[in-house]
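Here is a short briefing on a structure, for reading beside the sequence and the coordinates.

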Amino acid sequence: MNTAMKYQWMMMIRSKWLMSFAILFAILSSTVIASSGHETAGVFTRSTAALLNLSLLLVPLVSLLAGSLFIAGEKEDGRLSLILTYPISPRSLTFGLYAGSCISLWTVIAFGYGSASVVLFTTGGTWSTFFFLSFALTIALTSIFLAIALFIGLVASNRLQALGVSLFIWAFFVLFYEFLTLALLSLVPKQFTILLFGLSVICNPVELMRVWTITAMKSSALFGPQLYEWSKWAESTSGQLSFVAIACVWMIVPLFLANVWMKRGKRHA
Amino acid sequence: MRSLFFWLILIVTLLFTKNVYGQTVEGHKQLQQAIDEAHAGDVLVVKRGVYEGPIIIRKPIHLIAEPGAVVDGDGSEYVITIRAPHVYIEGLTIHRSAYGKGAGVLIKESSHVTLKNVHIEDAHYGVYVEKGMNINIVNNIIRGRDVHFAQRGNGIHLLKTKHVVVSQNDISRVQDGLYLDGAEHTTIEKNKVTNARYAIHFMYAEDGIAKENVLTENINGIMMMMSKRFTIEQNTIAKQLDYRGYGALIYDSEHVVMHNNTLLYNSTALSLQNGRHCTIKANEFIGNYRALHSLYENDNTIVVENKFLGNMEDALIQGAPIAFDDGEKGNYWDTYQFYDLNDDGIGDAPHRIRSMYSRLLRQWPSVQFYFQSPALALLDTTESFFTQAQAQGEDRFPLMEIDFNKNETNERSWRLLLFGSILLVSSLFMFVYGRRMKYEKNG
């Protein structure tokens, strides 16, 4: 696992593509925060929403692309098959590759958040727990999407396929999903509204992170009177623990599937 | 020399007169008895100790309490009742009125009464003033009971009063912090109210000023109903985050001037409902879910020179349109996207207040769940570029610049720098380490 992790980490961190993204992310987050960072407080505001949205839009995209393209590339070039012939268990390989990608992407995210915080400091902004919370949840979001990406990369037969699937999944989760939920909402009877929202949060890691951030900041008054009871529950400890549990499921399931696929590959190798 | 000596003796005598006349009340002597025995105008010094309530004061008297002097109501309706003019109470701790009724202090049909540095705890109402005139309620601490709002009394309740000054009080755990019912010429300044249903509740109140109060974490900060001629200035109204709540709600009131207030992080900062001749000027609306809400008709109401910064939604106008400029100046909107080429400080195009989001919301209230979510934010932005959504209102003279007349110090947050530096240094280390790392075959 250690070897595979180091290998993946080294390959990804040396990629010019990821470096460019690190710089882009740092510039974007610094700009967003510097242009709207006048007001920071323990509650969810437009500037926090702007930074959160930046993370919610970019982080899944980059995690999916970076993760899946690297693995699909390895596969396409035959290096993965080569590694599989080594005396290394599929499980160590899967988790090693995953850990390596995580370290690389976390580094990029930390760089972005670090730059944004320093920029905000120089423009006279104040500390808010939001930064830490948002950073931690972005790290979690990265981890979830890297797990999904790993699975996509392993299943896809080449880079192009991995790219297509990744882009589709990104667009589905980030852009289409909410409109689909809204469309469903107009179809289902009123008493199912909360159930539908609950399900929509569980079924989409992007939604999960968005709602988690808002509830963790105790700002779920934002969700309006209809969801008052639900919001109170989501802000409570059991609600927050449920978020943790769902996030874990979102990480473990794709990893498990990837591991299954890897085993199959090993058998065929 | 002799006359000088005479004067000296006279001065010393006068200086000590107060104490000679001022009786000292101690634990063994009941406070009520001491008050009954005192003459009008006497000063009673109340020593440390617990005194049995209820106490009724029917003559002009001064009660000066030493620290630790407590009047215990033991569940009686009113712990202290004042039914005489020129009563002065200072430094007393008052606790335990009846449950569900009564008050720490009842001031009834009196004038020139002062309550100062009084600590009221575990009472239904804090101070209940009925038909009082020239009452001063200054620098008191009032704590209600930790029960549901419906079971609490008000902090300071003014019923049919005139010329009352409520200043520098610290009130929490009550139903309404201050309740003005038919109160005239009231001055409310520098009070702090938190954990109340309404921090300040005006009902048929006329003429007065609410200044420099700090109202935080209540359901409503200011609730003004059927009131007239009030000035609300330089208050900080923050974190009224309950979904039912408002920073300030002005309902069916007239000639209300709200200026230079800071409305921060409220679910709805200000709602105008049937206001007449109201002026909303030079306030700061920052980081609210919705900054301004207008319902029904608000005749001759003007919203001008305010700063709208970082609000999720700037305005929701559900009734008749209201004026966002006075013909020369409008407001500062951080969502305004246009230029000021002639450099006169006024944007060259009117600011149209609109949002796709609020239109959707009216159709499907559940959309609120997606407030500023990536997809809806994207839709909102796209829509603002390509279509002409119906504007909620129009500011013809949007201000381009704002000067923050901030009273808050712009201190630098070292925690922010520390957080940023740790992240930057560790990420750079990981970059460098990762790039220099050598891959050894087979581990």
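The model is a predicted one. Its largest nonpolar core has 99 residues, and the contact between the chains takes 47 residues from chain B and 57 residues from chain A.

**Nonpolar cores**
- In the largest nonpolar core, of 99 residues, those with the most contacts inside it are B:Ile82, B:Leu92, B:Ile94, B:Val105, B:Val127, B:Ile200 and B:Ile222.
- Strand E20 of chain B, residues 192–203, supplies the largest share of this core, with 6 residues.
- Another core, of 97 residues, lies apart from it and includes A:Phe135, A:Trp212, A:Ile214 and A:Trp250.
- Beyond its neighbours within four places in sequence, B:Val127 is in contact with B:Ala103, B:Gly104, B:Val105, B:Ile107, B:Leu115, B:Ile137 and B:Ile156.
- As a general point, nonpolar side chains in soluble globular proteins tend to be buried together.

**Strand E2 of chain B**
- Side chains alternate along strand E2 (residues 43–46) of chain B.
- E2(B) and E5(B) run parallel and are joined by 4 bridges.
- Within this pairing, B:Leu44 stands opposite B:Leu63 in E5(B).

**B:Arg58**
- B:Arg58 sits in the loop between strand E4 (55–57) and strand E5 (62–65) of chain B.
- Not counting residues up to four places away in sequence, B:Arg58 touches B:Arg83 and B:Ala84.
- B:Ala40 is 18 residues from B:Arg58 in sequence, and their C-alpha atoms are 9.2 Å apart in space.

**B:Glu130**
- B:Glu130 belongs to strand E13 (residues 125–130) of chain B.
- B:Glu130 counts as partly exposed because it has 15 C-beta neighbours inside 10 Å.
- Leaving aside neighbours within four places in sequence, the contacts of B:Glu130 are B:Lys108, B:Glu109, B:Leu159 and B:Lys160.
- Of these contacts, B:Lys108 is 22 residues away in sequence and 4.8 Å away in space, C-alpha to C-alpha.

**Helix H5 of chain A**
- Helix H5 of chain A covers residues 90–122, which is 33 residues.
- From its first C-alpha to its last, H5(A) reaches 48 Å, close to the 48 Å expected at 1.5 Å a residue.
- H5(A) is largely enclosed by the rest of the structure, because 24 of its 33 residues are buried.
- Just after H5(A), A:Gly124 takes a positive phi of about 85°.

- On the side of chain B that touches chain A, the elements giving two or more residues are helix H4 (374–386) and helix H5 (414–436) of chain B.
- H5(B) gives the most to that side, with 14 residues.
- By class, that side of chain B has 26 nonpolar, 17 polar and 4 charged residues.

**Annotated segment of chain B**
- An unreviewed UniProt entry places the feature "transmembrane region" at residues 414–433 of chain B.
- Over residues 414–433 of chain B the model is 100% helix and 0% strand, with the end C-alpha atoms 28 Å apart.

Key
Residues are numbered from 1 along each chain as its sequence is written. Chains are lettered from A and ligands numbered from 1 in the order in which they are written. This is a predicted model: local features need pLDDT of at least 70, side-chain atom pairs count only at pLDDT 80 or more; totals for chains, interfaces and linings use all residues. UniProt positions are given in the numbering used here, feature names are shortened, and annotations may be inferred rather than shown by experiment. A nonpolar core is a set of buried Ala, Val, Leu, Ile, Met, Phe, Trp, Tyr and Cys residues joined through C-beta atoms within 7 Å. A residue is buried if 20 or more other C-beta atoms lie within 10 Å of its own, exposed if 12 or fewer, and partly exposed in between; C-beta atoms are placed from the backbone. Two residues are in contact if their C-beta atoms, placed from the backbone, lie within 7 Å. The expected span of a helix is 1.5 Å times one less than its number of residues. Ala, Val, Leu, Ile, Met, Phe, Trp, Tyr, Cys and Pro count as nonpolar, Asp, Glu, Lys and Arg as charged, and the others, Gly among them, as polar. Two strands pair if DSSP finds at least two bridges between them.
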